[in-house]
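Some notes on the packing of this model follow. Please read them beside the coordinates.

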Amino acid sequence: MHLQTIVTDSPIEAAQLLNRGGIVAFPTETVYGLGADVFRPESVAGIFRAKGRPSDNPLIVHLHSPDRIGEVACGLNAHADALIARFFPGPLTVVLKKRSSVPGIVSAGLPTIGVRCPSHPVAAEFLKHCHHPVAAPSANLSGRPSPTDWRTVFHDLGGRIDGLLRGEPSTIGLESTIVDCTVDPPLLLRSGAIGVEALRELVPGLQVATSCKPGEAPKSPGMKYRHYSPEASIVLLDKPPESMPPSPASAWIGLSAPPAGFARTMSCRSSEEYARVLFGFFRACDAEGIDTIYCELPPEEGIGRAIRDRLRKAAGN
Ligand code: TXA
Ligand code: MG
């Protein structure tokens with residue numbers, strides 16, 4: 001596959017490429033996405049090809065405004081209405097009943113569909129000029145950490161996609177919180193910047209999906225894939241190590257003061273900063289040939305739950 005990837009700062013030019021059937025990466029506040037017109041199945045198929053994404057892993061549909069949800073989903077209920085009213089636009093995806101007019105390739109054959117309205121101003125401007133809602137997974141090669149800046153998107157997908165809309169680095173750095181509102185009580189499928197505590201203020205009965213056991217059907221198809229992985233191996237720690245790392249090609253990231261003896265360290269002032277820099281840190285470690293990344297687990301509250309989830313997945317747990 002070799003395409004000429006047009007890199008642009010213009011949301012309108014990027015939208016025109018997409019409206020003509022192209023696949024186009026764009027910034028959002030969570031991570032960069034790789035979009036196609038939801039009603040062009042051959043373009044959506046191009047996303048799966050460009051990423052090397054398994055065809056049974058559904059895509060999230062991105063909308064300019066919640067007013068457009070009815071173009072792709074139906075059967076909203078009180079829980080969905082409350083979450084949408086409070087958290088759209090923002091880093092939340094709600095899973096709803098899919099309209100039959102949406103091609104099955106978008107939802108990987110599921111009768112449901114995830115929808116989200118990004119709050120990022122460049123994403124909003126881009127989506128406003130797209131004729132239809134935009135199906136978009138994260139803009140990385142499948143299995144790699146999600147990209148939080150445009151250069152990383154170009155590194156993974158340059159020459160494999162039609163366009164790349166450049167923006168600032170993503171301010172959140174981890175993928176959206178996903179809540180399945182087609183079940184009662186609603187189910188948290190993936191944690192993100194909107195923590196379970198904030199969700200339960202609106203939906204007190206919210207359940208949290210447990211990762212699936214071998215042979216069991218996953219609640220969210222993406223849960224069964226190894227995700228977010230750097231090439232280095234990941235070691236999870238509750239606190240900084242007391243002794244020097246066994247290999248000089250080791251790195252450390254966490255909330256404590258940086259320990260001595262590591263080739264690269266990143267000490268974050270808050271869980272929010274930890275989330276923002278984590279995937280970039282993984283990528284930088286890979287570029288430097290780091291063989292082991294020691295990651296201090298943050299407290300399990302707010303976005304800390306999402307960081308712990310991504311760290312466990314990166315570690316292959
Ligand atoms: O923040 C985000 O959500 C980013 C930006 C680009 O919006 N997108 C993103 O997409 O992370 P992706 O494809 O990398 O992750 C989507 C996840 C997958 O785990 C997928 O299985 C799940 O959402 N998903 C999508 N539709 C679903 C559905 N109908 N039911 C259950 N899970 C669904
Ligand atoms: Mg992804």
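1. A cavity is a set of points, on a 1 Å grid over the protein atoms alone, where a 1.4 Å probe fits but cannot get out. Grid points are joined across faces, edges and corners, and a volume is the space filled by probe spheres set on the points. By this rule there is one cavity of 30 Å³ or more. The largest cavity has a volume of about 40 Å³.

2. This is a predicted model: local features need pLDDT of at least 70, side-chain atom pairs count only at pLDDT 80 or more, and totals for chains, interfaces and linings use all residues. Side-chain values use heavy atoms, without hydrogens and water.

3. Residues lining the largest cavity (an atom within 4 Å of a point) include His62, His64, Arg68 and Cys130. The lining divides into five nonpolar, three polar and one charged. Here Cys and Pro count as nonpolar, Arg as charged.

4. The structure holds three aromatic pairs (Phe, Tyr or six-membered Trp rings, centres within 6.5 Å; planes under 30 degrees apart are stacked, over 60 edge-to-face, the rest tilted). One is Phe262 with Tyr294, edge-to-face at 5.6 Å and 75°. The pair links distant parts of the chain, 32 residues apart. Phe262 and Tyr294 are both buried (under 20% relative accessible area, 1.4 Å probe, protein chains only).

5. Phe279 and Phe282 form a tilted pair, 6.4 Å centre to centre with 45° between the planes. Both lie in helix 7 (residues 271-288), about one turn apart (a DSSP run of H or I, at least four residues). Phe279 is buried at 1%, Phe282 at 0%.

Notes: Residues are numbered from 1 along each chain as its sequence is written. Chains are lettered from A and ligands numbered from 1 in the order in which they are written. On a 1 Å grid over the protein atoms alone, a cavity is a set of points where a 1.4 Å probe fits but cannot get out, and a pocket is an open set with protein on both sides within 12 Å along at least five of seven lines; lining residues have an atom within 4 Å of a point. Helices (H or I, at least four residues) and strands (E, at least two) are DSSP runs, numbered from the N terminus. Buried means under 20% relative accessible area, exposed over 50%, partly exposed in between (1.4 Å probe, protein chains only).
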